[in-house]
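Please read the points below with the structure open beside you, taking them one at a time. They are meant as a colleague's notes for someone new to reading models of this kind.

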Amino acid sequence: MKTYSPKPEHIERRWYVLDAGEQVLGRVASEAAVILRGKHKPIFAPHMDVGDHLIIINAAKVVLTGGKENKKVAWRHSGHPGGITGTLYADLLEKKPAFAVEKAVRGMLPKNRLGRAMIKKLHVVPGPEHHHQAQKPVDWTIGTRPAWEGLPAPATTPANGKKKAPAKKAAAEGSDVEAPSKPSTTKSVAKKPTATKKTAARKPATRKTAARKTTTTKSAATKKSTATRTAAKKPAAKKPATSTTKKKVT
């Protein structure tokens, strides 16, 4: 059995609304982290962002148990020596309730680029109204999980998103002949390299003929030289005969 790994086309982003009114801050943050990471889906993978978008409303009505609103401190450091500041959650919920919820959710996400991508899908509103009605979000209740509807259907459009242009018809009326398609031009272009290859292969043949001509001229020259040598040797052989006849006459 092969291990399943989610693909980008299998990820479907949905929108949910979570009402944090009169809810514990830690419980809201843990539920938000589940939705943002996608752990409510069977295709969850820890190395990918398969989560959905989440809108948290009524963040100003979040509750802290055990008197932690007067004990828990939100620390912040500017990066300079002595630049640390602390704020009680009681003051933080009054001044910046959305920041308090975002801070709690951020602490439950991975501390890397994957977690930074997940937190961008979180939208916190201090009141009951939000500006994402166009996305048609669905209400989310804490402790429940939506029914799994399976992987999304594959898209019928091509990957580049461009539609094929229709073929051009002939200008004359009544004729159903279509204009030549582009592949025909590509074929003619593809034939050019073969022609150049043939001409390149014929060049060594011309070199061979030139070499044969030089060999024939050399052989003719050698024949002429041998003929002249033989012609020069014949009169040299007759001289001794004339000298002997003169001696006998004397």
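1. The accessible surface of the chain comes to about 19,100 Å², and 59% of that surface belongs to carbon and sulfur atoms. Such areas come from the Shrake-Rupley method with a 1.4 Å probe, and for residues only the protein chains shown count as cover. Of the 250 residues of the chain, 24% count as buried, where buried means under 20% relative accessible area, exposed means over 50%, and partly exposed lies in between (1.4 Å probe, protein chains only).

2. Please keep in mind that this is a predicted model, in which local features need a pLDDT of at least 70 and side-chain atom pairs count only at pLDDT 80 or more, while totals for chains, interfaces and linings use all residues. Residues are numbered from 1 along each chain as its sequence is written, and side-chain values use heavy atoms, with hydrogens and water left out.

3. The predictor's confidence in each residue, called pLDDT and given from 0 to 100, averages 78 over the chain, with 62% of the residues scoring at least 70. Over residues 167–177 the pLDDT is below 50, and this stretch has 6 contacts in the model beyond near neighbours in sequence, a contact being heavy atoms within 4.5 Å. Over residues 241–247 the pLDDT is also below 50, and beyond near neighbours in sequence that stretch has 0 contacts. Where pLDDT is low, the predicted coordinates should not be read in detail.

4. The chain has 5 helices and 6 strands, which follow the pattern β-α-β-β-β-α-α-α-β-β-α along the sequence. Helices (H or I, at least four residues) and strands (E, at least two) are DSSP runs, numbered from the N terminus. Among contacts with a separation of 6 or more, 69% are between residues 24 or more positions apart.

5. How do strand 3 and strand 4 run, and how many bridges join them? Strand 3 (residues 73–77) and strand 4 (residues 84–88) run antiparallel and are joined by 5 bridges; two strands pair if DSSP finds at least two bridges between them. H77 has I84 of strand 4 as its bridge partner, and A74 stands opposite T87 in strand 4. The two strands form a hairpin with 6 residues between them, and G79 in the turn has a positive phi of about 100 degrees.

6. The largest pocket has a volume of about 250 Å³, and its lining includes A74, T87, L92, K96 and F99. Strand 3, strand 4, helix 2 (89–95) and helix 3 (97–106) each supply at least two residues of that lining. On a 1 Å grid over the protein atoms alone, a pocket is an open set of points where a 1.4 Å probe fits, with protein on both sides within 12 Å along at least five of seven lines, and lining residues have an atom within 4 Å of a point. Grid points are joined across faces, edges and corners, and the volume is the space filled by probe spheres set on the points.

7. E22 lies in the loop between strand 1 (15–19) and helix 1, and is exposed, with a relative accessible area of 62%. K136 is found in the loop between strand 5 (122–124) and strand 6 (138–140), and is exposed at 70%.
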